[in-house]
Amino acid sequence: EVEEEIRTIRRTTGRRAFYLVDDIFNADRKHAFEVMERILPLKIVWSCLCTANIGSDLEFLDLMRKSGCSHINIGMETINAENLKLINKKQNHTDRYGKQFAEIRKRGIEYSLNVIFGLDGDTKDTFNATLALLKEYKAPMAFAFILAPRVGLEIRKQLQDQNRILTDDWTRYTSYECVFQPKNMTPLELEDGFWRFQREF
């Protein structure tokens with residue numbers, strides 16, 4: 001039980017800040033509400049990972065803030081709606097990002113965004129377009145990655161079927177190097193655009 005685990009850690013270490021390890025904290029709304037209600041009296045500071053649609057659930061956000069949430073890491077992934085379909089990210093809607101992130105910020109909760117470059121809808125213009133939108137959103141932090149089509153992912157099978165995987169050297173699947181042939185640019189153009197985005201953001 002989360003509450004008891006937190007109590008034990010606090011008792012043994014004195015720690016007040018916690019990261020709730022859950023791939024998608026807001027996936028089971030009822031359970032998440034129960035967790036937040038139970039940890040509310042503990043007066044801790046906590047953070048978690050959520051999907052972008054958390055910004056549309058104002059009741060959820062209010063309880064997050066009340067129970068001590070200080071930071072949400074969000075899988076925004078891409079600013080391209082076609083890319084979202086490609087990776088089956090149905091809960092993300094690019095036209096709602098601005099309002100969703102504003103609602104999080106309005107409650108004094110920090111957030112960071114995870115962004116993937118190299119999906120088939122990306123072009124050389126995607127890096128600057130993403131940078132401009134994140135500035136518009138006033139995003140305080142972003143973690144950017146190059147698509148790494150690892151074993152077990154559906155996108156790896158698609159790229160293999162199209163003969164677009166460039167190497168099976170797993171030491172290169174770091175998400176900071178291009179290991180496949182992008183659709184609308186060269187591997188070097190993808191890497192250059194990625195590192196330029198990192199520097200400029």
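Start by selecting Gly14, which takes a positive phi of about 80° just after helix H1. The model is predicted, with local features needing pLDDT of at least 70 and side-chain atom pairs counting only at pLDDT 80 or more, while totals for chains, interfaces and linings use all residues. Residues are numbered from 1 along each chain as its sequence is written, and side-chain values use heavy atoms, leaving out hydrogens and water.

Step back to H1, residues 2–13: its 12 residues reach 16 Å from first C-alpha to last, close to the 16 Å expected at 1.5 Å a residue (1.5 Å times one less than the number of residues). Helices (H or I, at least four residues) and strands (E, at least two) are DSSP runs numbered from the N terminus.

Next, show the open sheet, whose 5 strands have the order E1-E2-E3-E4-E5 with parallel pairing (pairing takes at least two DSSP bridges). Its edge strands are E1 (17–19) and E5 (142–146). Within it, E2 (residues 45–50) and E3 (residues 69–77) pair over 5 bridges. Select Leu49 to find Asn73 of E3 opposite.

Then bring in H2 (residues 29–39): its axis and that of H3 (residues 58–66) come within 10 Å and cross at roughly 25°. The two helices are therefore roughly parallel (under 35 degrees). For the contact (heavy atoms within 4.5 Å), select Arg29, Ala32, Phe33, Met36 and Glu37 of H2 with Glu59, Phe60, Leu63 and Met64 of H3.

Conventions
Axes are lines fitted to C-alpha atoms, for helices over the stretch in contact, and angles run from 0 to 180 degrees between N-to-C directions. Angles under 35 degrees count as roughly parallel, over 145 as roughly antiparallel, 65 to 115 as roughly perpendicular and the rest as oblique.
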